[in-house]
Amino acid sequence: MKLDEIHEIWAVDSEIDLTDLAHQSIKTSKLHAKYMRMYSEERLLLRKYEQEAKRLKLLKYEFYTLGPSKESQALGWEHPPRGMIIKTEVPMYLDGDPEIIATNLKIALQQEKVELLENIIKQIGRRGFDIKSAIDFLKWSGGG
C-alpha cells in the first residue's frame with residue numbers, strides 16, 4: 001500500500017458525523033480492526049525489508065573485500081576501477097552503493113507508513129473521547 005493511499009483512506013475514515021454520534025461510536029472498533037490489520041501487514045513488510053538490507057550489505061561487503069565472483073557478475077555488479085578495496089574503506093563504499101541506498105530509502109518509506117499507522121491507531125483510541133466531547137457540547141448548546 002502506498003503512503004498516499006493511507007493518507008487518503010484516513011482522511012475519509014477520520015471524519016465524525018455529528019448527526020449520528022451513536023453510529024460513529026460503534027464504528028470505532030471497526031476502524032481499529034481495519035488499521036491494525038494494515039499496521040501488521042506494513043510492519044511485517046518493514047521487517048522483511050530490514051532483513052533483505054542486512055543480506056545485501058553482507059553480499060556487498062564480500063564483493064568489495066573479496067572482489068567480483070560469478071554471482072556478482074551475473075547480478076551486474078561492477079567493482080570500482082581501482083581494484084581491491086581495503087577493509088577500512090569498505091564502509092564508505094557500502095554507504096555510497098546505489099543498491100544499498102535504494103534499499104535504505106525503501107526501508108525509510110516503509111518506516112513512515114508504519115509510524116503513520118501507529119499514529120492513526122492512537123487517534124482511533126482517542127476517538128471515543130472526541131465523540132463524548134461532541135455529545136457533551138451538543139447537550140450544553142441545546143440547553144440540556
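Serine 72 is buried, at 4% relative accessibility; here buried means under 20% relative accessible area, exposed means over 50%, and partly exposed falls in between (1.4 Å probe, protein chains only). Serine 72 belongs to helix 3, residues 70-74. Leaving aside residues up to four places away in sequence, serine 72 touches Phe63 and Trp77, where contact means heavy atoms within 4.5 Å. Helices (H or I, at least four residues) and strands (E, at least two) are DSSP runs, numbered from the N terminus.

A word on the model itself: it is predicted, so local features need pLDDT of at least 70 and side-chain atom pairs count only at pLDDT 80 or more, while totals for chains, interfaces and linings use all residues. Residues are numbered from 1 along each chain as its sequence is written, and side-chain values use heavy atoms, with hydrogens and water left out.

## How the helices pack

Two packed helices are described by the angle between their axes and the distance between the axes. Axes are lines fitted to C-alpha atoms, for helices over the stretch in contact, and angles run from 0 to 180 degrees between N-to-C directions.

Let us start with helix 1 (residues 3-13), which packs with helix 2 at an angle of about 175°, the axes being 12 Å apart. That makes helix 1 roughly antiparallel to helix 2; angles under 35 degrees count as roughly parallel, over 145 as roughly antiparallel, 65 to 115 as roughly perpendicular and the rest as oblique. On the helix 1 side, Ile6, Ile9, Trp10 and Asp13 meet Lys27, Leu31, Lys34, Tyr35 and Met38 of helix 2. By class, this contact has six nonpolar, no polar and three charged residues. In this scheme Ala, Val, Leu, Ile, Met, Phe, Trp, Tyr, Cys and Pro count as nonpolar, Asp, Glu, Lys and Arg as charged, and the others, Gly among them, as polar.

Next come helix 2 and helix 5, whose axes come within 8 Å and cross at roughly 165°. Helix 2 and helix 5 are therefore roughly antiparallel to each other. The residues of their contact divide into 22 nonpolar, seven polar and 12 charged.

## Salt bridges

Side chains of opposite charge can pair when their charged atoms come close. A salt bridge is a side-chain nitrogen of Lys or Arg within 4 Å of a carboxyl oxygen of Asp or Glu, and the whole structure holds nine salt bridges. Here are some of them:

| Pair | Distance, N to O |
|---|---|
| Glutamate 52 and lysine 106 | 3.8 Å |
| Lysine 60 and glutamate 99 | 3.1 Å |
| Aspartate 136 and lysine 132 | 2.9 Å |

Glutamate 52 and lysine 106 form a salt bridge. Glutamate 52 sits in helix 2 (residues 21-66) and lysine 106 in helix 5 (residues 98-141), so this pair ties together parts that are 54 residues apart in sequence. Glutamate 52 is partly exposed, at 33% relative accessible area, and lysine 106 is partly exposed as well, at 37%.

The salt bridge of lysine 60 with glutamate 99 also links distant parts of the chain, with lysine 60 in helix 2 and glutamate 99 in helix 5, 39 residues apart. Lysine 60 is buried at 3% relative accessibility, whereas glutamate 99 is partly exposed at 35%.

Aspartate 136 and lysine 132 are four residues apart in helix 5, which means that about one helical turn separates them. Aspartate 136 is partly exposed at 35% relative accessibility, and lysine 132 is partly exposed at 48%. Elsewhere, salt bridges that share partners join Lys48, Glu52 and Lys106 into one network.
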